[in-house]
Amino acid sequence: MSTRSDTPHLAPPLSSVLLSCAGVIEEVLDGRSLTEALADVDGALRPAVQAVSFHAMRYLGWADAVGRELVQRYPNVLFESLLLVSLTLLKAEGEAAAAVPGMPVYAPHTVVDQAVTAASKARALAAFKGLLNGCLRRFLREREALAAAVADSPEAQWNHPGWWVKQLRVAYPQHWQAILQAANLPAPLTLRVNRRRASREQVLAAFQDAGLAAEPVGAAGLVVATPRPVVQLPGFAEGWWSVQDAGAQRAAELLAPADGMRVLDACAAPGGKTAHLLELADIDLLALDADASRLERVGQNLDRLGLGGDRVRLQAADAADLDAWWDGKPFDAVLADVPCTASGIVRRHPDIRWLRRENDLRRTAALQTRILDALWRTVAPGGRLLYVTCSVFPIEGTRQALEFLQRHPEARRLDAPGQLLPVAVDATPAEQQDGFFYALFAKPS
């Protein structure tokens, strides 16, 4: 077995990692998120399983196309998952993986041997280990022919569903390829300094003392050169910073809260933007989220950052159901970070592309419309509403903002970035960002 020097050392046997990964992929294929599936993995295995699973998700379209060339019919979904994971590792070996940061690399014979060993450990797979062995060895013999056989498949070429590729080609004829390529590049670890607890210079100095390289980005951000578990970084326990993509850090700055304002953060979980608002000004803040368990995480983040207190209230409620939570007092500023397809953050959540369906676009857009129209009623005269999604699909961004103005002609659109496309290809870590949409509206006084 060999790995890139910057790939975490995988102490557990590869067979155990592969079997666990197959279980994780099986759950994703059944509709469960990768984050949820990984949470159930044994702690000793989890780092290795996460690394391989992320890689498998990024190349699942290619692996699925090749797998269907190798097997007419899968015996079961677990077999399918193990074959796909194994194929993605063999792809890594064959495609100058050293050029792709974070890609796990193993010798081909190791992958085949350990995959067969993994199959022998599972009751549902043991009878098919010969089939698995034959498929993987055939791939090694016929790699070029198999690559040619799937070359015309959009899923194989771009590792996204075909409908997703088509949507981006229509929306961004000049940029669609870069957007798809960016989704398969691991994201840098970007932090936002909590100015209530530390200065950026103080955090940089602490990182330097610990032998960690980092560089500034934006108004309060830092990009860590070599990602590692956040609890191991200086200042985590002290609440000096939060993890937040550079593109996401624009939200609170655009809403520009001022001391004494009454502010609403709708759809607040997991709380990164909530915390940023509280870092920027002394405000009265209501943080809403429909998921009570996720709202607990918001409270935990605020406690670590030292941002709780009497002026902050957390409430579990549907933002669109005003009768359930609104007391009738208007807000000076509203952050509407609404539910979306999350198509702009695929590099951080590579399973998203496989969990979404094309009909999710209209369904999600309809929900966004309902939330926006309700929240506009809560904005005070002279107040502002910032509409945010982490999506790159126009139906959730540009089109949604235009239709909002048609429904509410009294609203005045203020300067905001609009659609931020993901930046990753041929970009330094400090230049990179996820995909977001921002539209800022003011209500007449």
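These legends accompany a set of close-up views of a predicted model.

**View 1. Helix 12 and its buried side.** Welcome to the first stop, helix 12, which spans residues 200–209. Its buried residues are Arg 200, Val 203, Ala 206 and Phe 207. These residues sit on the same side of helix 12 because they cover an arc of only 125° around the axis. On the face turned away from the buried side, helix 12 carries the exposed residues Glu 201, Gln 208 and Asp 209.

**View 2. What helix 12 packs against, and what comes after it.** Which strands meet the buried residues of helix 12? They pack against strand 1 (189–193), strand 2 (214–217), strand 3 (221–224) and strand 4 (241–243). Following helix 12 is Gly 211, which has a positive phi, near 75°. The loop between helix 12 and strand 2 also holds Ala 213. With a relative accessibility of 47%, Ala 213 counts as partly exposed. Leaving out residues up to four places away in sequence, Ala 213 touches Val 223, Val 224 and Ala 225. For a sense of scale, the C-alpha atoms of Ala 213 and Arg 412 are separated by 43 Å, and these residues are 199 residues apart along the chain.

**View 3. Helix 14 crossing helix 15.** Two packed helices are described by the angle between their axes and the distance between the axes. Here, helix 14 (residues 272–280) and helix 15 (residues 292–305) have axes that come within 10 Å and cross at roughly 35°. The crossing of helix 14 with helix 15 is right-handed. Helix 14 brings Thr 274, Ala 275, Leu 278 and Glu 279 to the contact, while helix 15 brings Val 298, Leu 302 and Leu 305. How many of the contact residues are nonpolar, polar and charged? The contact of helix 14 with helix 15 divides into 5 nonpolar, 1 polar and 1 charged.

View 4. Pro 270 is found in the loop between strand 5 (262–266) and helix 14.

View 5. Is Asp 434 buried or exposed? With a relative accessible area of 1%, Asp 434 falls under the 20% limit and is therefore buried. The residue belongs to the loop between strand 10 (412–420) and strand 11 (436–442). Its side chain is joined to that of Arg 348 by a polar contact of 2.7 Å. Setting aside neighbours within four places in sequence, Asp 434 is in contact with Asp 245, Gly 344, Ile 345, Arg 347, Arg 348, Leu 420, Leu 421 and Pro 422.

View 6. Like Asp 434, Asp 426 is found in the loop between strand 10 and strand 11. Asp 426 is not a glycine, yet its phi is positive, at about 55°. Asp 426 counts as exposed, at 81% relative accessibility. Ala 256 is found in the loop between helix 13 (250–255) and strand 5. Ala 256 is partly exposed, with a relative accessible area of 39%.

**View 7. Asp 415 on strand 10.** Asp 415 lies in strand 10. Its relative accessible area is 75%, over the 50% limit, so Asp 415 is exposed. What does Asp 415 touch, not counting residues up to four places away in sequence? Its contacts are Leu 254 and Leu 440. Asp 415 and Ala 439 are 24 residues apart along the chain, and their C-alpha atoms are separated by 7.8 Å.

**View 8. Asp 113 in helix 6.** The last stop is Asp 113, which lies in helix 6 (residues 108–121). Asp 113 is partly exposed, with a relative accessible area of 42%. From C-alpha to C-alpha, Asp 113 and Trp 241 are 44 Å apart in space, and 128 residues apart in sequence.

Methods
Residues numbered from 1 in each chain as written. Predicted model: local features only at pLDDT ≥ 70, side-chain atom pairs only at ≥ 80, totals over all residues. Heavy atoms only, no water. Buried < 20%, exposed > 50% of the residue type's maximum accessible area, 1.4 Å probe, protein only. Helix = DSSP H or I, 4+ residues; strand = E, 2+ residues; numbered from the N terminus. Arc of directions from axis to C-beta. Contact = heavy atoms within 4.5 Å. Axes fitted to C-alpha atoms, helices over the stretch in contact; angles between N-to-C directions. Left-handed = near helix turned anticlockwise from the far one by under 90°. Nonpolar A, V, L, I, M, F, W, Y, C, P; charged D, E, K, R; others polar. Polar contact = N/O pair within 3.5 Å; in protein donor to acceptor, adjacent residues only side chain to side chain.
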